[in-house]
Amino acid sequence: MEGLRKLEEVQRTILLMQSEGFMSCSNNSSNDPDSDRFLSNFILLLIQPCGGLDVEKKCQLIYANLPKISAVFAEEAMPCLNEEGNCENKSDFGALQTDYEDMAMVGLGAMQDANSTLEDFCRSYFMFHDMDVNKPQSIFRYLPMLSFTESYIYQLDRLNEKLVKLPTEGVKGLEQGFHVGANQSRVIKFIELFKTNPLKPLILLLEHHGLFTERIREEFRCGEEYWRLERKLCGALTSNKKIEVEDVMRAVHLKSFDYRVLNLLLYQLRSVKVDEVHMEFLSVSEFLVELSDDLFDYEDDVLENNFNVLRMFVRIHGASEAPTMLAKCISDAEKKYDRLLKALDPNLSSNYQERCEEATKEGGKTSGPSLGTWSIPPVIEDEDFYRSKTLNSN
C-alpha cells in the first residue's frame, strides 16, 4: 500500500502544478505524462526535509549545480549502482523492493475505521467462542492479528469505494485496458490492484503464522467478488443500466465477509474446530444486519452512491413495489433466523439477542433484528434531483 500512497502524492502534486499553470511541454504537446510525473517527483523531492536546509537553500544549490549535470554525467553515474561500497547493489535493492511491495501494511486511518467493527466483533462473536469480552486478556491475546486483518480489509474497502465514485465510463475503460488519460495513472494502479490479487500480502502473512485455511481463502474470494459487484451495481445505477436482482442479493450476502474472516481466524488462533451450526446462524444474522444498516443509511448512501439494497430494489422493482419486495426478503430471512436461533444453546441464544438489542440502540436505530419491527424509509425515485436539492440546501 506504500506504493499507492506515493502515487496519491504524485497525483496531488500534478493537480497543484495544473492549478498553478505550469506543466511540462514536450514536442509542442501539453500532455506528456512522463514529463509531468518527473516534475512532480522533483517537487516532492524538493520539499522533503534534509537536515537544516530550507526550500530556498535547496533551490540555490540546484541553480548553482544544474549546469554541471548532463545526460553524459548521468550515464556515467549509473554504473555506480552496481559498485559495492558506493551505492546499493542493484539486484539486492530490487529484491528488497519486491519484498517491501508484497508486505502487508496498514495505515492509521484504516485502523481507526476498523475499530468500531472490531469492537462489535468482540462483543457479538466472542460469546460463540466461550470467551468473556469483559476480560482484557481475552481481547488482547488475539487482538493484534484480528485488528491487523480487519484494518487491511478496511484499507482495500475504502479504496474500492473511491473507485466506485469514478465516472462509470472511466472505470469501464480502465477495466478493459483502454487508455483514459495521463492524469489517471493512480486510478489505473488501483484497478490493477483489484484485478490481480489485492489480498495476497495478507494471505502471505497469515500463511507465515500458520493461520491461513481454505475456508479463509474462500471468504477472501467472496470479498473480492463483493468489491466487483459493488463497482458494477453502483456504476449501473448512475448510468441507468439494467440491474439483476441475483447480483444484488449475492452482494448483500457477500458484504459481511470480513466478519466471517475474523470468526474463522479466531477459530484458528484458538486451535479449535469450526462450529458449523454457529457459522450458519451468524451468516443469516449478518444478512439481516446488512439489510438493517442499509435502511438506516439509505439517504446517505444515495448521496454518496454507495451500495444499498433499497436503492437497487427501487431500480429493479420501481418506487411503489420496492418496499414490498424488500419486506418479503426480510420476512423470509427472519423465519430462517428464528429457526436457527432455536438450535443454539439457550444461554447463548439469550446473550446474543441481548447483544443485538444493545447494538441496535447504540447505533441510533429503532428497528431491525431482535427489536421485532422494521421501518423502511420513503424511497427516493429521482436520485439526481435528491442529490442536487440536498447539496443546494447545504
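Is Ser-349 buried or exposed, and what is its relative accessible area? Ser-349 is buried, its relative accessible area being 10%. The points below place this residue and several others in the predicted model.

1. **Overall composition.** The model under review is a prediction. The chain contains 20 helices and zero strands. Of its 394 residues, 39% are buried. A search of the whole structure gives 23 salt bridges.

2. **Ser-349.** This serine belongs to helix α19, which spans residues 346-362. With residues up to four places away in sequence set aside, Ser-349 touches Leu-341 and Leu-344. The value of 10% falls under the 20% limit for a buried residue, so Ser-349 is classed as buried.

3. **Packing of α6 against α19.** Two packed helices are described by the angle between their axes and the distance between the axes. For helix α6 (residues 108-125) and helix α19, the angle is about 155 degrees and the axes lie 9 Å apart. Angles over 145 degrees count as roughly antiparallel, and α6 and α19 are therefore roughly antiparallel to each other. On the α6 side, the contact is made by Asp-120, Arg-123 and Ser-124; on the α19 side, by Tyr-352, Arg-355, Glu-358, Ala-359 and Glu-362. By class, the residues of this contact are five charged, two nonpolar and one polar.

4. Side chains of opposite charge can pair when their charged atoms come close. Arg-123 pairs with Glu-358 in a salt bridge whose closest N and O atoms are 3.6 Å apart. Because Arg-123 lies in α6 and Glu-358 in α19, this pair ties together parts that are 235 residues apart in sequence. Arg-123 also forms a salt bridge with Glu-119, at 3.1 Å from N to O. Arg-123 and Glu-119 are four residues apart in α6, and so are separated by about one helical turn. Which residues make up the network of salt bridges that includes Arg-123? Its members are Glu-119, Asp-120, Arg-123, Arg-355, Glu-358 and Glu-362.

5. Arg-123 is partly exposed, with a relative accessible area of 23%. Glu-119 is likewise partly exposed, at 44%. For Glu-358 the relative accessibility is 32%, which also counts as partly exposed.

6. **The pair in α20.** Glu-383 and Arg-387 form a salt bridge of 3.0 Å, N to O. They are four residues apart in helix α20 (residues 383-393), and so about one helical turn separates them. Both Glu-383 and Arg-387 are buried.

7. Asp-258, in helix α14 (residues 257-269), is buried yet has no salt bridge. The nearest side chain of opposite charge is that of Arg-260, 7.1 Å away. Beyond its neighbours within four places in sequence, Asp-258 is in contact with Thr-117, Glu-150 and Ile-153.

8. **Burial of α13.** In helix α13 (residues 245-254), the buried residues are Asp-247, Val-248, Met-249, Ala-251, Val-252 and Leu-254. Their cover includes α12 (214-238), α14, α15 (276-296), α17 (309-317) and α18 (322-342).

9. **Backbone points.** Most residues other than glycine have a negative phi, and most peptide bonds are trans. Asp-130 is not a glycine, yet has a positive phi of about 55 degrees. Asp-130 sits in the loop between α6 and α7 (136-140) and is exposed, with a relative accessible area of 76%. Ser-271, also not a glycine, has a positive phi of about 55 degrees. The loop between α14 and α15 holds Ser-271, which counts as exposed at 69% relative accessibility.

10. **Cys-59.** This cysteine lies in helix α3 (residues 55-65). Cys-59 is partly exposed, its relative accessible area being 36%. From C-alpha to C-alpha, Cys-59 and Leu-46 are 8.1 Å apart in space, and they are 13 residues apart in sequence.

Terms used: Residues are numbered from 1 along each chain as its sequence is written. This is a predicted model: local features need pLDDT of at least 70, side-chain atom pairs count only at pLDDT 80 or more; totals for chains, interfaces and linings use all residues. Side-chain values use heavy atoms; hydrogens and water are left out. Axes are lines fitted to C-alpha atoms, for helices over the stretch in contact, and angles run from 0 to 180 degrees between N-to-C directions. Helices (H or I, at least four residues) and strands (E, at least two) are DSSP runs, numbered from the N terminus. Angles under 35 degrees count as roughly parallel, over 145 as roughly antiparallel, 65 to 115 as roughly perpendicular and the rest as oblique. Contact means heavy atoms within 4.5 Å. Ala, Val, Leu, Ile, Met, Phe, Trp, Tyr, Cys and Pro count as nonpolar, Asp, Glu, Lys and Arg as charged, and the others, Gly among them, as polar. Buried means under 20% relative accessible area, exposed over 50%, partly exposed in between (1.4 Å probe, protein chains only). Lys and Arg count as positive and Asp and Glu as negative; His and the chain ends are not counted. A salt bridge is a side-chain nitrogen of Lys or Arg within 4 Å of a carboxyl oxygen of Asp or Glu.
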